[in-house]
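Reader: Could you walk me through how to read the strands and helices in this one?

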Amino acid sequence: MKYTWRWFGPVDKVTVRDAAQAGAEGIVSALHHIETGAVWPVDDIIMRHEAIKAGGLYWDVVESVPVSEDIKTQTGNWKAHIANWQETLRRLSASGIRTVCYNFMPILDWTRTDLRWETRHGAKAMRFDLTDFAAFDIHILKRPDAKHDYPAWLVEEAAKRFSAMPDRRTVALAQNISAGLPGSADGYTLDQLLEKLRTYQGVDRSRLQSNLVDFLSEVVPVAEAVGINICAHGDDPPWPLLGLPRILSTQADYTYMLDQVKSRFNGVTLCTGSLGARADNDLPLIAKTFADRIHFVHLRNVTRETDATPCSFFEDEHLEGATDMVAVMAALLEEEKRRRAEGREDHRIAMRPDHGQEILDDETRGAQPGYPAIGRLKGLAELRGIERTLRHPQFGRV
């Protein structure tokens, strides 16, 4: 596999040189300062390439080219935004990029109630606490009819939790949940978030799926023409939030998307952490099922509080948690072997150690939540060890 590392640009507290020392071979980055829906300027693309090369690595994967809310709802400037997305693909291809990740989550990207929750051994991890989230939705955001989306026991627990919540916690909870894309300066006030939610009135699961297929029908032919694999990241967490539908949460969801637009350039960003938050997602099986269409991989693990959906969970160490990481990597390495035999140029699948716990001196650096230097280094080292073992002639796997 090709070991990559997410870098948020010059503002990132973890440098490209740090990534190289950690064992990364390539960089995953994006132009977070460009307004969603706009074309990425050629000069900005070139500057990002040059900044990464100056640190000793190359820009391998774009994560992400954001899909605007207009596209997801097919309102406003959605057609112009699709045209701009297409043009951005052309410009990225001309610069040498061959893989572009995106997601189709309404309004919110990955959602956590805690960004630095303390684990059993003192490391800091991201966490999704279902009761805290319900308390936010019902009592802080005060979304109309929110309580109808939760079972009675959870509504009661959320009320108790909120009544005992100090003001500083309610502020932090609102900030954590309403943050924008990772690496961006975007985010919503409570009023802005409520207004955004109103724009999704009438957009149910079926319509959002249809809008995704329409989007892919327009952009995949361009991706084919310019030689870029585009790959959809799953919902995080993989269930509806704030009354909004989610459409990339299960194996069946991905099967539908891939069957509707059958091109190999229409593919999957396999995120073991996002999909792993559901007990009914079998990650090794998903890796085998979609192997030919997996263009990018996020390897991380979560520990669920229960096997119910939805549930509370936290970001565990990369080899802990509910997902059998060895089995997942074995499936991916088998796919790489098959691609090499076919002579495919993309036979090395880009992977990155997704997220990571803050350990040792990470807390003093002030990196993006979920993206510490040492925590990710540890995860990457463990994952590299798995691959080296699986490739060893003594085991004869790949």
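Author: Helices (H or I, at least four residues) and strands (E, at least two) are DSSP runs, numbered from the N terminus. This is a predicted model, where local features need pLDDT of at least 70, side-chain atom pairs count only at pLDDT 80 or more, and totals for chains, interfaces and linings use all residues. Residues are numbered from 1 along each chain as its sequence is written, and side-chain values use heavy atoms, leaving out hydrogens and water.

Reader: Which residue of β2 is the bridge partner of Thr-4?

Author: Two strands pair if DSSP finds at least two bridges between them. Here, Thr-4 has Gly-26 as its partner, and three bridges join β1 (residues 2–6) to β2 in parallel.

Reader: How does the chain cross from β1 to β2?

Author: A crossover is right-handed if, with the strands pointing away from the viewer, the path from the first strand over the helix to the second runs clockwise. This β-α-β crossover, through helix α1 (residues 16–22), is right-handed.

Reader: And what joins β2 to β3?

Author: Four bridges, again with parallel strands; Ser-29 is partnered by Val-62 in β3. The chain gets from β2 to β3 through α2, in a right-handed β-α-β crossover.

Reader: What do the eight strands form?

Author: A closed barrel with parallel pairing, running β1-β2-β3-β4-β7-β8-β9-β12.
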